[in-house]
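Subject: Structure for your files

Hello,

Here is the structure I promised to send over. My notes follow below it.

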Amino acid sequence: MILGLDVGGTQTDAVLIQEGRVVAAAKTPTTGDLLATLRIALENTLGHVDPGRLVRMAFSTTMATNAIVEDRLDDAGMIVSSGPGLNPEWFSVGPSYHVVDGCLDHQGFETKPLDRSAVMNAASSILNAGIPVLGVVSKFSVRNPWHELQAADWVGHSFSHVAMGHRISGALNFPRRIATTYLNAALYRLHKNFSDALIHILREKGLSGPRYLLKPDGGTIDLDMSIQRPAQTAQSGPAASVMGALALDGCEGVTLVLDVGGTTTDMSVVIDGTPLLKPLGIRLGPYQTLIRSLLTHSIGIGGDSEVRMAQDGKLKIGPVRRGEPAGFGGPAPTPTDAMITLGLLDAGKRDVSRLAMEKVGETAGWDGAATAERILQGMAEAIAASARAFVYDINAQPVYTIHEVLADQRVEPTSVLIIGGPAPQIAGYIGKALGLPCRFPRHYGVANAVGAAVARVTSEITLQADTQRGSVIISEAAVENDIDAGFTMDQAMSLGRAVLCRQAAINGADEKGLEISILERQAFTMIRGYMRTGRNIRLKMGITPGLIPEWKRGG
Amino acid sequence: MLHAVRRTGLVFFPAYDWAISPSHPEREERLLYTQDQVLEEGLLDIDGIIEYRVRPAGFEDIRRIHFCVPDEAAVTTESHLISAGGCLVAADAVLKGEVESAFALVRPPGHHAMRVVHGNRGFCNINNEAVMIEYIREKYGIRRVAIVDTDCHHGDGSQDIYWHDPNTLFISIHQDGRTLYPGSGFPHETGGPNAQGMTINIPLPPQTGEEGFLYVLEELVMPLLEKFEPELVINSAGQDNHFNDPITNMNFSARGYAALNARLRPDIAVLEGGYAVENALPYVNVGIIMAMAGMDTSCVKEPNYDTDYRPQPSEITGYIADLVDRLRGVFLEGGLKTVPCEEGEVVQRSRDIYYDTDNIHERQHEKIRCCKACPGAFSIASTSNRGQHILAVHVPLGACRACRDIGSAWFEEGTRGAFTHVYLQDRVRGVYEKT
Ligand SMILES: [Zn+2]
Ligand SMILES: [Zn+2]
């Protein structure tokens, strides 16, 4: 049996899955105490299940996200070396940020050595400020981690934890590397405490199977391994919904996935079972990061959004949620009240909902039913407009080769899949607004928890070989090997595969049958004057988001 | 989050799958390190710097400006169309008001491509700027355009295309043609009979440093622009004046380029040459993008700047001061010696054009009708050593009745002659014909 648990803003959903089927589901209100919420959700779900039968547990939590948006991060010191370009002071983060001399160029050649005494001085001023965690970042460290390793070597022993930029991602983006490294350092202790407490609760319940956390890219990572990079467990909610849609439906063709929640609607696109990834990384609060994520978009419209008639005589839905719908005793009319009024939803107090609708439509001269009908249409149209803009933006992404320009593969959704509480009630309206067939799966209400439960481990590596520099680097996996002038793409491919599999296994993947995809593969001959001086090979491969084989077996 | 002071569009098309030949400087990885640097600096995360997706230009965009022999398909590759198309994307972004200025970082370059195209000259087949300018004129109704060509090589293709156009001010700053390809671009080349003084060449001696460039810009180029009052300023932003460039001898740095761009403030910049792909282009391009966005560029510097950059020698400073003095006298203070030309008179010239990359010899015979009322119709009879013998007739935008009539007459007459093809480029009626 597999346990999946998704902590949402208002509800925490949990499911139990056996032989590919959801055998139990429970909703628990989310409270301010995350661990208490998790404990209650576990009790509500597991009931009389024998804990020994649980072979896997996966959680999508809000720990890191909450800490970031509520500004509860620990202090972390930063030592940054940059060289020419944008002023590194512009990316200052945290209470003790230090720029030191030292420079690597875009190939990873050292053009200025790292200033040892400046690093030592920075470290002592960080320690003097009482800060025990450190982040070190240098520009182009993904091409050559030497300066970051040097800094960690010189001063790391004085700190309780050191986060290094090149370990986060092989992608280029110095400001994002600084921000992400800082988050990993500043979340380290909080995440460690959280995961220790979670492990304690699980042990208390007799649950000893492998434990995973969901990441924003729709993949999972072993709970113990996540401690090195805690920021990558942040904001996994939208990913849980995409993976849930994938698990419950399969998403053939080009599917627009809409997760209609209480406060927001999240959207994403799945192409033949593979969700689209964001090109660079997710934004967490004020921080642009290098944390890989699914491409999702969120708008402030959901079942509990406040509805009101504006001065101009038009209905306004959202973006505010005042609380429960009127029919449940809440303060403001909502789309859920519209559903109740129209008899689409058998819940709450129907007469209270209808009264709330009548009040909204009063100035326009509409009765309760007409108002409710217009609200649901308006909600669907707003979601449709936002979805169209989302798809337009996907298609406006730049491309860099003739091949890509000519191929011009535009994303054009052919159907819509809706999950979330109001899915059955709103599906017809959204289908009409978008002019596309619209469906909702079984277990639409707990899809996120299902998604967390059956998402497989993901991993990605970025390989850069430079025969002129005589080195091949896989930054995320801390691999740096010497190579000779004859290093080939084939050698790069087999090294990449081996390292990716090893990395995935460390992150908790079952090493059998890993599906590897090549995300980028380029080789350039480097010419100086008219002479060939070397070869530059760039390779990006990954285990893309998908479902664990056990789920597929269950069907 | 960082904000751009001015909203800036970026069109990046490195064409990673296109090269002239395996060891040619114009090859696949030319913009690779630029992209690395731009990505690593996080420039695309800056609020107000917007990257656009390229699209290919169509043959109809090329026909407004070029006579391609025998046709567009024969002298272009997909990459040429996408490079020109990238400029159209940049133009749309600016003219629709989405951004204040835009930089098209595209390859292959275009400023050596002339009006008649038999093949590749100086790595260029299609003149990206000209295709863009005529697209802008057609779509947005703009007339007065200034091109400031800061590539180290003379922009002979752009000069040729706008030689007869009084609505286009073409200024080229370049390394003296006596010391560098294509060997043209001297101060006495000032434009055709209907556009005298609209072509301005500023040849600078080898080793000119950023002081020299910025002096020329301040003392000559900016006053010329002020006087012309263009609706649009285009920068042909070649980056081969860089002190690291392997095929030229100038002494410009990334910060110099940034300062030049910040002062010139072009509406649209289009990348031209620049072949120091590892140690100049990444820094120059970052500097230009930041300058366009109105950001402080004082930390942009080549890694070898402190060791390898030499200030401009004083004799060069003196030489440039004299040159600027002389050119100011000619172009700003009424000293231009114009050749008188009677209304309706047909002026003729003949010349030889060499295509270095494709080894084509072309012989041209050109006729233009002198006209006070419009830019004037012209025709070009062109013969190449590849056996082509064509006649190309151009009727300009805003052509007067007489010029339209003479254009039609030349075309008619040509179709009865012994040409392999006769072309008509009628910008008034939007008719592009070929026999
Ligand atoms: Zn050039
Ligand atoms: Zn005329």
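In which loop of chain B does Pro182(B) lie? Pro182(B) is in the loop between strand S7 (168-175) and strand S8 (199-204) of chain B; helices (H or I, at least four residues) and strands (E, at least two) are DSSP runs, numbered from the N terminus.

Before the rest, some conventions. This is a predicted model, in which local features need pLDDT of at least 70 and side-chain atom pairs count only at pLDDT 80 or more, while totals for chains, interfaces and linings use all residues. Residues are numbered from 1 along each chain as its sequence is written, chains are lettered from A and ligands numbered from 1 in the order in which they are written, and side-chain values use heavy atoms, with hydrogens and water left out.

Backbone

Another cis peptide bond runs from Arg107(B) to Pro108(B), with omega near 5°. Pro108(B) sits in the loop between strand S4 (101-106) and strand S5 (116-117) of chain B. In chain A, Phe140(A) has a positive phi, near 60°, although this residue is not glycine. Phe140(A) is in the loop between strand S9 (133-138) and helix H4 (146-155) of chain A.

Chain B against chain A

On the chain B side, 46 residues are in contact with 47 residues of chain A (contact means heavy atoms within 4.5 Å). The two chains bury about 3,900 Å² between them, 59% of it on carbon and sulfur atoms; buried area is the accessible area (1.4 Å probe) that two parts lose on being put together, summed over both. Glu40(B), Arg53(B) and Glu278(B) lose the most area in chain B, together 21% of what that side buries.

There are 5 salt bridges between chain B and chain A (a side-chain nitrogen of Lys or Arg within 4 Å of a carboxyl oxygen of Asp or Glu). One salt bridge joins the side chains of Asp45(B) and Arg176(A), at 2.5 Å, N to O. Elements that each supply at least two residues to the chain B side include strand S1 (3-13), helix H1 (32-41) and helix H9 (281-292). H1(B) gives the most, with 8 residues.

Two helices in chain B

Helix H7 (residues 210-228) and helix H8 (residues 254-264) of chain B pack at an angle of about 10°, with their axes 10 Å apart. Axes are lines fitted to C-alpha atoms, for helices over the stretch in contact, and angles run from 0 to 180 degrees between N-to-C directions. H7(B) and H8(B) are therefore roughly parallel (angles under 35 degrees). Among the residues that meet are Leu214(B) and Leu217(B) of H7(B), and Ala259(B) and Leu260(B) of H8(B).

Regards

Notes
Parallel < 35°, antiparallel > 145°, perpendicular 65-115°, else oblique.
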